[in-house]
Amino acid sequence: MPNIQPKITPIYQTSVFKFEDLDAVQQYFDEPGSRYLYSRNGNPNSDELAEAVNQWEGGAGAVATGSGMAAIFAALLTYCQAGDHVLCAADIYGGSAALLNLELSRLGITVTYVPFEQLTDLAAYVQPTSRLLLCETMSNPLLRVVDLRAAAAECQRHGLKLVVDNTFSTPALTRPLAYGADLVLHSVTKYLAGHSDVTAGAVVARTAADAARLRQIGVVFGLTLSPMESWLSVRGLKTLRLRVAAHCENALAVAGFLAGHPAVQAVYYPGLATHPQHALAAAQGGGRFGGMLSLRLPDDAAVVNRFMQRSRRFPFAPSLAGVDSSCSHPLHTSHRALTDAQRTGLGITVGLVRLSVGIEPVAELLADLAQALA
Ligand SMILES: Cc1ncc(COP(=O)(O)O)c(C=O)c1O
C-alpha cells in the first residue's frame, strides 16, 4: 500500500486485528499500547476519543464507554464492591438513581441521597462503608450548581472519592478534576458529541492507577465504545469550544426572555442574577452558564401539551445538548425512575419543562417561544 497519511483518523471499523504469529501476539501482551488485539479491549478510534476527553478534562487517563450510563456504572465500580455504600446528590439524573436504586442495590451496593444543601457537610450521611459521593456539576433538571472545591474538601475529610458527572457543564466551562474530583464522567451523547446522532460516554481519572482500573472495568464488563460512535464523537468534540460558546449565549438570552414572561412561573438558569448559586456558577464556569435551563409552567398537562404542540424550534425530544434546540419533560422521561417522594421533594412536577437551547439564530428561538407561550 502507498504511504498514505490521512489528515483525519480513519474509522477502524473492525472488531479484531490480525497477528503474524505467536511472537507477534506475545509482543502485544508484553508491550500493551503498542498495537491492537480486539476492539472491545482497544481501538484507535475509541482511544482517540478517550484521549481527547482526557485532554479536555486534564486527567491521567480515560475510557470511552458505550453510553453515559455505562460511564456512571464504570465510575462507581472503580471504587465500590458488594457491601459498600454510595452517597449520591439528591439532585441527580433519573438514570443514575435507577442504576443505584434498582440494580446496584441488588449487588449489595447501597445508596443514601444527600440534599443539595448538605453536599459540603456530609457528616450526617457518611457510614463506615461509604466510598464516594456522586454529583453533577450542574444538576439535571434544576440547574443547581455544586461547589466542587468545597465538596472535594469535604470528601477528603471523610476519606471519600468524589465522582462528578460533568455532562451539563462540559470541560469548556468547568474541569472538576482541577477542583479535587477523583473521576469526572460524561454522557458524550450530549455536548461532547453535540449533534444528537451518537450514544456514548467517557470517564476520566485524576490518577494513572484509577485510569488503569477504569480501563479494566470497561474491557471486562464490555462497556467500551464502538469505532464508528467513537469517530463521530471525536468529530463533534472538535467544535466543542465554539458550540458551547453559542449555546451559552443563546441560553442566557432565552432565560432572560422567559424570566420576564407572564406565563412562566419560574426559570432555573444559573446565568440569571436571581439564581441562588449565580456567583458560584460564574466562578466555576468562567463567566458562562451552559445551554440548559428549566422553566415552570402551571401544573396542568394541558398547558404543557399546548406549549409542546405549538413550539416549532423546541421539539419534545427527551435528550439534550444537540446543536438544534429541544425540550423535555423530566417527570415523564429523564426522572421517571425517581420515587414519588424524590420527585416531589425536588419539585419535579407536571409543570416543569426543560429546554436544551441550541445554536440557532437567537431571535428565531425567542420568536418561537413567544408564540408557543402566547
Ligand atoms: C446528566 C446525565 N448523565 C448521564 C446521562 C446518561 O447518558 P446516556 O443517555 O448517554 O447513557 C444523562 C442522560 O440524559 C444525563 O442527562
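I began with Thr189, where a polar side-chain atom lies 2.6 Å from an oxygen atom of the ligand. I count a polar contact as a pair of N or O atoms within 3.5 Å; within protein, one must be able to donate a hydrogen and the other to accept it, and residues adjacent in sequence count only if both atoms are side-chain atoms. Taken alone, the ligand exposes 390 Å², and the protein buries 89% of that (Shrake-Rupley areas with a 1.4 Å probe; for residues, only the protein chains shown count as cover).

**Ground rules.** This is a predicted model, so I kept to its limits: local features need pLDDT of at least 70, side-chain atom pairs count only at pLDDT 80 or more, and totals for chains, interfaces and linings use all residues. Residues are numbered from 1 along each chain as its sequence is written, and side-chain values use heavy atoms, with hydrogens and water left out.

**More of the site.** Which side chain has an N or O atom 2.6 Å from a nitrogen atom of the ligand? I found that it belongs to Asp165. For Ser187, a side-chain N or O atom is 2.8 Å from a ligand oxygen. Helices (H or I, at least four residues) and strands (E, at least two) are DSSP runs, numbered from the N terminus.

**Strand E6.** Next I checked residues 183–187. Five of the five are buried, so E6 is largely enclosed by the rest of the structure (buried: under 20% relative accessible area, 1.4 Å probe, protein chains only). Leu183, Leu185 and Ser187 cover one side, Val184 and His186 the other. In a regular strand the side chains alternate between the two faces of the sheet.

I noted a cis peptide bond between Asn140 and Pro141, with omega about 10°. Leu143 lies in the loop between E4 and H5, and its phi is positive, near 55°. Ala321 also has a positive phi, near 80°, and is buried at 0% relative accessible area.

Key
Buried means under 20% relative accessible area, exposed over 50%, partly exposed in between (1.4 Å probe, protein chains only).
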